[in-house]
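Please keep the sequence and the structure in view while reading.

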Amino acid sequence: MLFEYILQLADNQLILAQRLSELCGHGPALEQDIAITNISLDLIGQSRLLFQYAGKLDEQHRNEDQLAFLRPEKEYRNLLLVEQPNRDFAHVVLRQYLFDEFNFLNYSGLTNSKDEELAAIATKSLMEVKYHLRFSKNWVLRLGDGTAISHRKMQDALNNLWMYAGEMFEKTAIERDLVKAGIAVDVEQLMPTWKESVMSTLKEATLNIPEGGWYQSGGKKGVHSEHLGHLLAEMQFMQRAYPNLTW
Amino acid sequence: MDEKELLNRFQAQIDAEIKIEPKDWMPDAYRQTLIRQMSQHAHSEIVGMLPEGNWVTRAPTLKRKAILLAKIQDEAGHGLYLYSATETLGISRQEMIDALHEGRAKYSSVFNYPTLNWADIGAIGWLVDGAAIMNQVALMRTSYGPYSRAMIRICKEESFHQRQGFDILYTLSRGSDEQKAMAQDALNRWWWPSMMMFGPHDSESTHSQQSTKWKIKRKSNDELRQDFVDNSVQQVKVLGLTLPDPDLKWNEERQHYDYGPIDWEEFWAVVKGRGPCNRERIAARKKAYDDGEWVREAALAYAKKKKAKEVLA
């Protein structure tokens, strides 16, 4: 049970890191290229800590790479939001911002987890996520309230991505039990704080939340968008093509 | 002071191993040579991110992915650092980037070769970074202060890059037959382009003589190439792989390894834009730059708005 919960946390970091790594060498300016790579690197590091911990609890004794690279698509438990493609820099920044606000609150909660190892990983990761949040928030403000073009692109990104935000606050059955045990964070409870921060940023960025609310979910249950399969095909390629080797 | 006297003092400063600094008088040709060489060096770092970036999303393990990303990030940092150092000579980053995109500025030709299998990442680290280090170690003593200091900083990170490349090949060379074949295939394709990185033979090199007198260049192309060959022959033994040159042989008299003829026709074809990936590399750089235009403009507009608000407040 704890195993599944940790995988879910790890998958979010891994899949977003993979998306960001696609941009390495292709950023809008060198400074942003470096910053995005940095965030990607942090998230890979966080996912490794989590996969290593999950591996210790795994009945099949899989190592970090077997867990990261050798599961079928429906066993990945990441949010739909983080697997969304890098349509343009506006989508990259907004996806990052919506997730960072959540990741920050979630890790903050986990620092008080009764599971000491999880609490330690959260404490370490939180330092990094604070920086990610500062970066993505500043870019939401800059681009939202920059030029007419940047404003339009950011509003488009918000219109496209907003419907995936709600899934962050859906509690699975496993989470329910782990919350009771004092191990997991109750994501439902994070929503008001998250919304308050996000609303305030979007307002300052002169962006409007699209009508119709948020209604896409499935990632946490293993039902993904069409995008994840392609991401995994690329990411898993070496491990699938040349199994059981040391690299 | 007339030009001749200035020139004499300048040369005396160089002969005394005193670094030339941005505000010092320098002959225009010295300035232009440095702008050409340093911006070329910066461009090489940036274009060099692309062949390796080609494998980031397919790196075989999380650890390798992280190391590769960190390495490419270092290169972006080196590029940034070198652009800044070049700006001390009175040219802007924008002008340098325009020159790259318009084909007026060059970058190391080796990055016009494709990365076709995972072992290429190892070969680039070991051979391409290895060759670059030879050059850069010599440049730590170059006469222009900002360039020399940039090289000292960059060399520290480059030796880590070379080690990670060697480590990839070492792991593959102890792996399955397929992995060994990957490693050998990568060496076969990267050895000669790496040898060409040192440029034409000394007898053919157009910029060498003046650059040596001005101590921009501290070792000749052929001297550096020989060092590279001698080192590589030793290291490849550890890997149990073969360098693709049947003429490699220890020469007792010279106390160096002899090597076979370099295909200069291929070298010049790639330099002149007819290599396997020249067009793709520049197209990728231009695309990133063009796609980023609205982002850079928005950042400027936002900064201006912020400033105006502060003034009002």
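A polar contact is taken here as a pair of N or O atoms within 3.5 Å, where, within protein, one atom must be able to donate a hydrogen and the other to accept it, and where residues adjacent in sequence count only if both atoms are side-chain atoms. By that rule, 14 residue pairs, with both residues at pLDDT 80 or more, are in polar contact across the interface of chain A and chain B. The model is predicted, and the predictor assigns the complex an ipTM of 0.97 and a pTM of 0.96.

**Interface of chain A and chain B**

- The side of chain A that touches chain B draws two or more residues from each of several helices, including α1 (2-21), α5 (89-110) and α6 (116-144) of chain A, while α2(A) gives the most, with twelve residues.
- By class, this side of chain A has 23 nonpolar, 14 polar and eleven charged residues.
- In total the contact takes 48 residues from chain A and 46 residues from chain B, and the area buried between the two chains is about 4,000 Å², with carbon and sulfur atoms giving 69% of that area.

**Salt bridges**

- Over all chains the count comes to 25 salt bridges, and between chain A and chain B the count is two.
- A salt bridge joins the side chains of R93(B) and E31(A), at 2.4 Å from N to O.
- Within chain A, E117(A) and K56(A) form a salt bridge in which the closest N and O atoms are 3.1 Å apart; this pair links distant parts of the chain, since E117(A) lies in helix α6 and K56(A) in helix α2, 61 residues apart.

**A helix pair in chain B**

- Helix α12 (residues 278-291) and helix α13 (residues 293-312) of chain B pack at an angle of about 35 degrees, and their axes are 4 Å apart.
- Y289(B), D290(B) and D291(B) of α12(B) make this contact together with E293(B), W294(B) and R296(B) of α13(B), so that by class the contact has two nonpolar, no polar and four charged residues.

**Confidence**

- Chain B averages a pLDDT of 95, and 100% of the residues score at least 70.

How values were computed. Residues numbered from 1 in each chain as written. Chains lettered and ligands numbered in written order. Heavy atoms only, no water. Axes fitted to C-alpha atoms, helices over the stretch in contact; angles between N-to-C directions. Contact = heavy atoms within 4.5 Å. Buried area = accessible area lost by both parts, 1.4 Å probe. Salt bridge = Lys/Arg side-chain N within 4 Å of Asp/Glu carboxyl O. pLDDT = per-residue confidence, 0-100.
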